[in-house]
Amino acid sequence: MKGKKKIKVKPLDIRKGDIIEVIAGNDRGKRGKVLKVYPRTQRLVVEGVRFVKGHTRPTQQDQQGGIQEREAPIHISDVMLVCPNCGAKTRIGHHFLEDGTKVRVCMVCKEMMESR
Ligand SMILES: [Zn+2]
């Protein structure tokens with residue numbers, strides 16, 4: 001496995017309450033519910049997933065308040081959304097409804113992710 005790849009920053013398509021699967025690191029293969037989303041840092045806190053990376057860079061971290069409990073935030077590039085319809089790990093597509101509402105679409109089964 002090659003370590004460093006430059007990944008383009010993408011908007012957060014994963015939201016609180018979604019089920020994700022971890023696709024990298026020690027917790028690979030684990031699934032859990034997203035408890036918190038940090039769009040600025042592109043990180044998520046996932047229920048039951050404790051993600052400890054070997055190397056940690058001393059960058060500015062949002063540790064005010066000291067809310068680090070069991071689940072450590074994991075980076076969005078280390079997870080994939082699990083489709084609530086077909087149960088597959090999927091990439092997320094977007095679709096616009098007639099009223100202009102943007103919805104997320106599973107790229108596997110093409111079903112909408114939300115029930116709006
Ligand atoms: Zn699906």
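Reply: Leaving aside neighbours within four places in sequence, Val34 is in contact (C-beta atoms, placed from the backbone, within 7 Å) with Ile14, Arg15, Lys16, Gly17, Asp18, Ile20, Leu44 and Val46. This is a predicted model, in which local features need pLDDT of at least 70 and side-chain atom pairs count only at pLDDT 80 or more, while totals for chains, interfaces and linings use all residues. Residues are numbered from 1 along each chain as its sequence is written.

Me: Where does Val34 sit, and how far is Ile14 from Val34 in space?

Reply: Val34 lies in strand S2, residues 31-38, strands being DSSP runs of E with at least two residues, numbered from the N terminus. Ile14 is 20 residues away in sequence and 8.1 Å away in space, C-alpha to C-alpha.

Me: Is Val34 buried or partly exposed?

Reply: Val34 is partly exposed, because 19 other C-beta atoms lie within 10 Å, and buried would take 20 or more, exposed 12 or fewer.

Me: Switching topic, which residues touch the most other members of the largest nonpolar core?

Reply: Of its 13 residues, they are Ile14, Ile20, Leu44, Val46, Ile74 and Val79; such a core is a set of buried Ala, Val, Leu, Ile, Met, Phe, Trp, Tyr and Cys residues joined through C-beta atoms within 7 Å. Strands S3 (43-46) and S5 each give two or more residues to this core, and S3 gives the most, with three.

Me: What does S1 pair with?

Reply: S1 (residues 19-22) pairs with S5 (residues 79-82) in the antiparallel sense over three bridges, pairing requiring at least two DSSP bridges, and Val79 in S5 is the bridge partner of Val22.

Conventions. Helix = DSSP H or I, 4+ residues; strand = E, 2+ residues; numbered from the N terminus. Contact = placed C-beta atoms within 7 Å.
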